[in-house]
Amino acid sequence: MDKVFVLDFGSQYTQLIARKIRELGVYSEVFPFNLPLSRIKTENPGAIILSGGPQSVYAPESPTVSEEIFQLGIPILGICYGLQIMAHVLGGKVKPSKKREYGFAHLDVKDRKGLLSGIKDRGQVWMSHGDKVHDVPPGFLISGRTSNCRAAVIESQKMKIFGVQFHPEVIHTTQGLRVLANFLFRQAGLKKEWKMGSFIQAKVQEIRDQVGKERVICGLSGGVDSLVASLIIHKAIKDRLTCIFVDNGLLRKGQFQELLKSFRHQFSLNVIGVDASESFLERLERVISPERKRKIIGKEFIRIFEQEAKKIGKVPFLGQGTIYPDVIESNPVKGPSSKIKSHHNVGGLPKNLSFRLVEPLKELFKDEVRELGRELGVEKDFILQHPFPGPGLAVRIVGEVTRERLKIIREADEILIQEIKKARLYNKLWQAFTVLLPVKSVGVMGDRRTYQRVVVLRLVRSVDGMTADWYPANTDVLSRISSRIVNEVDGVNRVVYDITAKPPGTIEWE
Ligand code: XMP
């Protein structure tokens, strides 16, 4: 099967490139930019992509590639920094631009014989760069430009080497997929052979190689990711997997009992249910900082996993449903982005973890995990449920988590979800949930003054959780939700609607 190597120069979009290539039907994997040439030669990928990155090619110690990579006869596409490093190494000139170009531009197509075949003129492209290619390397042609960038697309048909200054992998570049497809199929001559089924086979083998004859425990959070991770690990090692579903006291109403039943009966997983709500809530007493909450919860989960593992015997591995956005937002080691928050299954883990991790979904985005879940036989309703964060309702109660506040948010959340489902909105949204604020406001109910809490409604649409738009819900629906919450939930007298996109907000409030 053809495969594409994406060499990572530190862009926050690197995994997105790999994912778009998989979406186009070709297997793709990300490697560090300095992957040894010998490995490239032995594995002989059908094409190589050089990703973007935050550096300047002239900065000291900026990441680079050897000239030899361009002589292997493997088609190469450089994106943003990838284009610049390619031009630099091949004898072109890169210079800082007078104006940093960040955001939308329009591409003027100069030549449609190669990479830009079928690309319409003046299409929108997404730019994010300081430097640009000033002189193209010998043998290269400029096939596309924007008003601020003369060499926005360069190519050498003879060498099968191409470069684009814009980001074809992001949704804002309207013909980006077409550019990638031109590179893969027309230029590199690759075949569409990749399907989720092949991913399952490859992962099952990888898990068997990693785990050998040992045992694995896997935490189930109640969401899709951890279930799909458990199912794929189960496929690989059968009953050497034990799943642990912890009631941390921070789940939705009725979630623990319902899910425990369905994990055991529907999926025939070996699941231990642990009620640890007391110990979680005790450790969260008087804690206000969102990051501290996340760390405490992450640590407590691990303590329980260790305690349960000891009962089973020797268990060196912990399975986790970490997906790619969790990794990038918790540990952006190389990228230009800073740490956003510690997603509990990655950034919230203690440093001296006694388990080795098995994370079969680490390269995937949510919709890929959903597709994988369907392949593994998980029913539609479960697959389509909204993501629920590992730290649960703790990050939806701003300020201290108390039993009284948990009760309020559970009831408000249940009403919201009921109404969203009734209005047939649930499947159109990435997430819909309520947030409880640590403030009180004055109201009047039945001629009496009230002084009670504020609930926020958060309804967002998103493709992958990395960016999101607030959803402009119909006012009748909003008004029904608001009056039901104020009338039915004790202690709440005001409901507000969050109209913040991500960025600048995040989806969860903490
Ligand atoms: P944010 O709030 O970072 O959320 O914009 C992006 C997506 O990730 C979910 N989320 C988490 N998922 N563990 C998870 O498994 C976590 O700690 C966590 N924190 C946020 C969030 O619900 C949204 O879908």
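Nine strands make up an open sheet of mixed pairing, in the order β2-β1-β3-β4-β9-β8-β7-β5-β6. Strands here are DSSP E runs of at least two residues, helices are H or I runs of at least four, and both are numbered from the N terminus. Two strands pair if DSSP finds at least two bridges between them. β2 (27-32) and β6 (123-135) stand at the edges with a single partner strand each, so one side of each lacks a neighbour in the sheet. From one strand to the next, the twist averages 30 degrees. The model is predicted: local features need pLDDT of at least 70, side-chain atom pairs count only at pLDDT 80 or more, and totals for chains, interfaces and linings use all residues. Residues are numbered from 1 along each chain as its sequence is written, and side-chain values use heavy atoms, without hydrogens or water.

Strands β4 (residues 76-79) and β9 (residues 161-164) run parallel and are joined by four bridges. Ile79 has Val164 of β9 as its bridge partner. Helix α4 (residues 176-187) packs on the sheet and touches β1 (3-8), β3 (47-50), β4 and β9. Contact means heavy atoms within 4.5 Å. The direction of α4 makes about 150 degrees with that of β3. Axes are lines fitted to C-alpha atoms, for helices over the stretch in contact, and angles run from 0 to 180 degrees between N-to-C directions.

Buried residues of helix α13 include Leu406, Ile409 and Asp413. Buried means under 20% relative accessible area, exposed over 50%, and partly exposed in between (1.4 Å probe, protein chains only). Their cover includes α8 (277-284) and β15 (431-445). Just after α13, Arg424 has a positive phi of about 55 degrees.
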